[in-house]
Amino acid sequence: MQGSYDVVKCPECREEIEIPTNGVNGFKTDFYSKSLVEYVQIQQSLKSDEVRECYGCSKYLRVAAYCFKCNDFLCKDCHNFHVTNKMMKDHQKQTLSLEDIGKKNITIDKLASMRDAPRCNTHPEKMSELYCETCRNLPVCMACTYGEHKGHNLHEVKALAKLKKEKLAEQLKEIEETEKSNKAMTPAQAKTKLILNVSTQKETVIKMHDEKDQKIMTEIQNIEERRQQAKQEKQNAEKAAFDSLRREKEKEIEEVKKKYVEIFRVKKIEINDSFLAQENSLEKELAKLRKKRKRFDQDKKELLNSVETQLDENVKIIETLSQHFDNIKKRFQTLHLMSSCILASDNDWSAVQCIPDMCTAATHLMENLKKDFKQLSKLTDVTVNYKQYSLCKQTFTKISENFDKNININNPYSYICGMTGSGDGNIVMSGITSECGVSFIIVIDMNGRVLKEKKLNTQYSKARYCQFLSQRKVASVCEPNEIGLFDVSDGSYIKKNISEVTNSWPKDLNVACVATDPVNNHILVGGYYSRDVYVFDDQLDYLHILTLPEMIEWPRDITVSDGHLLVCDYDGKKCYLTKIDGLESKLVGEFMKPNLEGKRFVGPISVCRDKNGLMYVLWKNYIHFLRYQFYLFQYNHDCSQILTTRKLEGNAKAITVVETSQGEKLLVAAYDTKTVYLYDLMTED
């Protein structure tokens, strides 16, 4: 169909029709074409012996007829029942059989008479009783006259059909009269004249074409000759140029060969010298290790000799003590024999005279028997004074005296709750914005420039924490029970509710911290007032629960390092080092609590570890009501000794270690001043 954007022309009658507001369903239906298409489809199904489900018996059989009343196909037996049973009397005139199609006596008019009156367009369960001319002859029932078709131009079917037939007859009569009065040229005359004109034009065109073709052929020959000449000149020029380039190339190649032979010779000398120095260095180290090994052997011999000497000495002492025990045993046997005799005797005078002396002897014997020979347990031990040797240099980390830089974070980021590295030398921070119910995750560089940011809706103003997981991913948790992954490369964020991931998470439990195990791609989530740490994989799927030791009340902050957990127990006012063992975390050691004069440390807040294995804990010191001072302490490898102490600026909240192009940095984030302080970490032997 062709037309403008609002009007189209019917391809059959060329009538211009406005496009209905409801689309294709608003156009008039071509009932003639529709009936014809339907008849052809039924005819093909009957002729092809198609197998269908019979409407009468529900069996899959070859179709023999179609009932327009039932609006479905029938098998041979059901068709016979249809046309013979009195109950189906009103179906018989509307049944089309294979025999009827074979006689070819079915017209569109007859086909139309077989069909039931159309159903109401709005109420398909009701037969149509009227046509709505306002809605383009739409079939409607009586109920529609009180509904959406109220006030429309409605017609009874027979009256409307009569009116339309009369109008069509008038138009046909007018067309016939117009055809008779038309005196124009007939199609046969037009065809004869057209053939004559075409023949004349063809002769003229052929003659002109032959003349031009001859001229073109002459030009083609001339151009072919010139092209062959140019091709030969090109070949000559290429040969001359290539010969010249080849000679120059051969000369250059020869020079390059000489140059690279010299380069290879010099490089080989440099490599030999370099590896010679390395070989000498390794040889010196080997000599030191061989010397140390000899010293180990000598120490071993000395230790063994010391053990043998202690063995001989202790055996002599034990033998002496053994004689003493034998004497006591003999005294006991003698006393026991004499006491038994006196007690069995009837001589009271002997009993009175002997028993006091025997009681005195028994008292001394009892004292000897009760005597604890502690030296016996000591004699069973052998003291070995092992010497401690280090096969490699022990490295330590020195913290710069003062922070070398501070970064200020501008609004709308009101409070910093969590901080970690991004894996590429940048910083990731999370916390609360100045907008109610909105938290944030941002990526900044070492100059404080925001590279990526993500604002996230939360329930009221809830704290958000974060921890580095992999080169691109940062794990994040937000109160009450949200866990997510932030992509530092594109700023995208995916999240889940922990209570929906696992039934093990209590309904009233809020997240308190997040830690990551990059080696195993695990995410660890701790909750308030719970010793259970929930472990997830890098797809945010729940794995299992890791239970902390009984002395820990609940984790305020956790760091995972080499199969160990560094746990800040704020309410317990202690910090612990534990080892992951299956589904439990076993205690390894307790961090030494700071003991500065006049300071009252109420608990640890944050913990981290550097690449050399030294640990850092942020401790909170109480000053007076709602005022606190924060200190950073550096611990040795087994957390038993404080190495360095730093007094911090502001209301510190989180600490972390970040590897940058300038080396390792220790970062301290102030909660409310939105400031990050950077300390240099320098490695020393």
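The questions and answers below go through some cores, loops and charged pairs of a predicted model.

Residues are numbered from 1 along each chain as its sequence is written, and side-chain values use heavy atoms, with hydrogens and water left out. Because the model is predicted, local features need pLDDT of at least 70 and side-chain atom pairs count only at pLDDT 80 or more, while totals for chains, interfaces and linings use all residues.

Me: How many residues does the largest nonpolar core have?
Reply: A nonpolar core is a set of buried Ala, Val, Leu, Ile, Met, Phe, Trp, Tyr and Cys residues joined through side-chain atoms within 4.5 Å, where buried means under 20% relative accessible area, exposed over 50% and partly exposed in between (1.4 Å probe, protein chains only). Among the residues with the most contacts inside the largest one are V477, W505 and F536, and the elements that give two or more residues to this core include β18 (473-478) and β23 (532-537), strands being DSSP runs of E with at least two residues and helices runs of H or I with at least four, numbered from the N terminus. The size of the largest core is 19 residues.

Me: Which peptide bond is cis, and in which loop is the place of P480?
Reply: The cis bond joins E479 and P480, with omega at about 5°. P480 is also in contact with W505, contact meaning heavy atoms within 4.5 Å. The place of P480 is the loop between β18 and β19.

Me: Is Y529 buried or exposed?
Reply: Y529 sits in the loop between β22 and β23, and its phi is positive, about 60°, although Y529 is not a glycine. Its relative accessible area is 63%, so Y529 is exposed.

Me: Which residue forms a salt bridge with D541?
Reply: A salt bridge is a side-chain nitrogen of Lys or Arg within 4 Å of a carboxyl oxygen of Asp or Glu, and here the closest N and O atoms are 3.2 Å apart. D541 lies in the loop between β23 and β24 (542-547) and its partner in strand β20 (residues 493-497), so the pair ties together parts that are 45 residues apart in sequence. The partner of D541 is K496.

Definitions and conventions. Lists of a residue's contacts leave out its neighbours within four places in sequence.
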